[in-house]
Amino acid sequence: FDGLYYSYQGNCTYVLVEEIVPSGHGFGVYIDNYHCDANDRVSCPRTLIVRYEAREVLIKMMRMLPINVQVQVNGKAVALPYDKEGLRVAPSGINYAVELPKLGAVISYNGLSFSIRLPYRLFGNNTKGQC
């Protein structure tokens, strides 16, 4: 959110965004990286994780070329588009978008990059993490 570029080169899960003061909906976005070259110098994203209320959405890259993605909600693979109880997950061009209409949040991921759009009215000055 500060406009700076960050390098995510660890073999770990990064907190991309969480609320500083929780508002009760348990919102958070995380990226799970792994070392993807022989020398362990470069990390690649493996899974984007979105937590909201009592649900956890995983967008897992199973294979990059050709692209093969698995989407899970609470540990179970789901067919796309998925739209239940205020949670939408759908392909959008080369991206996969997680929409949380109640929050006005949209998180997109394509295996290499991600985008997180949050409304200022709910998240302004109340975020922490890498983004």
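This is a short tour of a predicted model, stop by stop.

**Stop 1**

Strand 5 and strand 6 run antiparallel and are joined by 2 bridges. Select Val73 and then Lys76 in strand 6: Lys76 is the bridge partner of Val73.

**Stop 1: the cysteines**

A disulfide joins the two, with an S to S distance of 1.9 Å. A search of the whole structure finds 1 disulfide. Look along the S-S bond. The angle about the bond is 60°, and the link of Cys36 and Cys44 is right-handed.

Next, select Cys12. This residue is in no disulfide. The nearest cysteine sulfur belongs to Cys36 and is 13 Å away. Cys12 is partly exposed, with a relative accessible area of 31%.

**Stop 2: between strands 2 and 3**

Turn to the charged side chains. The structure holds 6 salt bridges. Begin with Arg46 and Asp32, which form a salt bridge whose closest N and O atoms are 2.9 Å apart. This pair links distant parts of the chain, 14 residues apart. Arg46 sits in strand 3 (residues 43–52), and Asp32 sits in strand 2 (residues 28–35).

Arg46 counts as partly exposed at 34% relative accessibility, whereas Asp32 counts as buried at 16%.

**Stop 3: Glu56 and Arg51**

Select Glu56 and Arg51. Their salt bridge brings the closest N and O atoms to 2.8 Å apart. Glu56 counts as partly exposed, with 26% relative accessibility. Arg51 is also partly exposed, with a relative accessible area of 35%.

**Stop 4: between strands 8 and 9**

Move on to Arg88 and Glu99. How far apart are the closest N and O atoms of this salt bridge? The distance is 3.7 Å. Here too the pair links distant parts of the chain. Arg88 lies in strand 8 (residues 87–92), Glu99 lies in strand 9 (residues 95–100), and the two are 11 residues apart. Arg88 is partly exposed, at 36% relative accessible area. Glu99 counts as partly exposed, at 30% relative accessibility.

Then select Glu53, Arg55 and Lys102 together. Salt bridges that share partners join these residues into one network.

**Stop 5: a nonpolar patch**

Finish on the surface. Colour Met64, Leu65 and Leu112. They form a nonpolar patch with about 360 Å² of accessible area together. Zoom in on Met64. Which loop holds this residue? Met64 is found in the loop between strand 4 (55–63) and strand 5 (68–73). At 35% relative accessibility, Met64 counts as partly exposed.

Conventions
Residues numbered from 1 in each chain as written. Predicted model: local features only at pLDDT ≥ 70, side-chain atom pairs only at ≥ 80, totals over all residues. Heavy atoms only, no water. Disulfide = S-S within 2.5 Å. Buried < 20%, exposed > 50% of the residue type's maximum accessible area, 1.4 Å probe, protein only. Patch = residues over 30% accessible without salt bridge, like charges linked within 9 Å, V, L, I, M, F, W, Y side chains within 5 Å. Areas by Shrake-Rupley, 256 points an atom, 1.4 Å probe, with all protein chains shown as cover. Salt bridge = Lys/Arg side-chain N within 4 Å of Asp/Glu carboxyl O. Helix = DSSP H or I, 4+ residues; strand = E, 2+ residues; numbered from the N terminus. Pairing = 2+ DSSP bridges.
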